[in-house]
Amino acid sequence: MSYIIPVWDLPSIPVAGRSERFPVRHIYCVGRNYSEHAKEMGGDASKEPPFFFTKPADAIVPVVDPDVGSVRYPAATKNYQYELELVAAVGASGANLAPERANEIIYGYAVGLDMTRRDLQIDMREKKRPWDLGKSFAEAAPIGPVHPVAQVGHPNRGRIALDVNGETRQQGDLAAMIWDVPHVLHFLSQYYELLPGDLVFTGTPAGVGPVVPGDLLVGRIEGLGGLSVRIAPPR
Ligand code: MN
């Protein structure tokens, strides 16, 4: 096969303990999946079905502990924010998944950051326009290695916390999700056939906030290790 322009690399993430990498196909994200975060975003914590948005696969920035990754402060924002999230990595296909069967398609889990141009997201929300400008841009998804289910099981409780410059800003427990991972996949798979290589960001606990160039983000989820990222100056 030949192409009319040079072809880029398939986005991929290291797999803990293996030399093979996890190729990334789609990135799906859940909005407001911890009640304290739903409140801080001006919503309520009622148990409505979850809603979803996407990021491009090439928004990932793989970072392996103890390395410190780097993401550039993005264009067109004055309010660039972090959201630390548990990410499920899908290893098999599935549509209309029953919650009891949804875990079967998960290959593993990772620590991820749903980086957000909050001013653009809120502006779009208020104008009833899509969230893409706020959520979907270059380097918007720093992520640690995928930990296979064979090693870590299906984490459904445990501390999830983010420090900025050594100060704890986000702190919660996976058990506080409004919809657990099997239910997230159950709902998501009614809209999309989930496919091998898909990543699902499962929502963030309370404490989101802005960062500036030079800031160091260190996220951690019990059992899945750490993810460290420094914010680089804008282009
Ligand atoms: Mn998020």
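Trainee: Is phenylalanine 22 buried or exposed?

Mentor: Before the answer, please note that this is a predicted model, in which local features need pLDDT of at least 70, side-chain atom pairs count only at pLDDT 80 or more, and totals for chains, interfaces and linings use all residues. Residues are numbered from 1 along each chain as its sequence is written, and side-chain values use heavy atoms, with hydrogens and water left out. A residue is buried under 20% relative accessible area, exposed over 50%, and partly exposed in between (1.4 Å probe, protein chains only). Phenylalanine 22 has a relative accessible area of 6%, so the residue is buried.

Trainee: How many aromatic pairs does a search of the whole structure find?

Mentor: Rings of Phe, Tyr and Trp (its six-membered ring) pair if their centres lie within 6.5 Å; planes under 30 degrees apart are stacked, over 60 edge-to-face, and the rest tilted. The search finds eight such pairs. One of them joins phenylalanine 22 and tyrosine 107, stacked at 6.2 Å centre to centre with 25° between the planes. This pair links distant parts of the chain, 85 residues apart: phenylalanine 22 lies in strand β2 (residues 21-23) and tyrosine 107 in strand β9 (residues 106-113). Strands (E, at least two residues) and helices (H or I, at least four) are DSSP runs, numbered from the N terminus. Tyrosine 107 is partly exposed, with a relative accessible area of 29%.

Trainee: What is the geometry of the aromatic pair of tyrosine 28 and tyrosine 192?

Mentor: That pair is tilted, with 4.7 Å centre to centre and 40° between the planes. Tyrosine 28 is buried at 4% relative accessibility, whereas tyrosine 192 is partly exposed at 37%.

Trainee: Which residues coordinate the manganese ion?

Mentor: Donors are N, O and S atoms within 2.8 Å of the metal (3.2 Å for Na, K and Ca); water is not among the atoms, so sites may look incomplete. Here Glu83 (OE), Glu85 (OE) and Asp114 (OD) coordinate the manganese ion at 2.0 to 2.1 Å. Their spacing in sequence is E-x1-E-x28-D. Aspartate 114 is buried, as its relative accessibility is 0%, and glutamate 83 is buried with a relative accessible area of 5%.

Trainee: What is the strand order in the open sheet of three strands?

Mentor: Two strands pair if DSSP finds at least two bridges between them. The order is β10-β7-β16, with antiparallel pairing. The edge strands, β10 and β16 (209-210), each pair on one side only.
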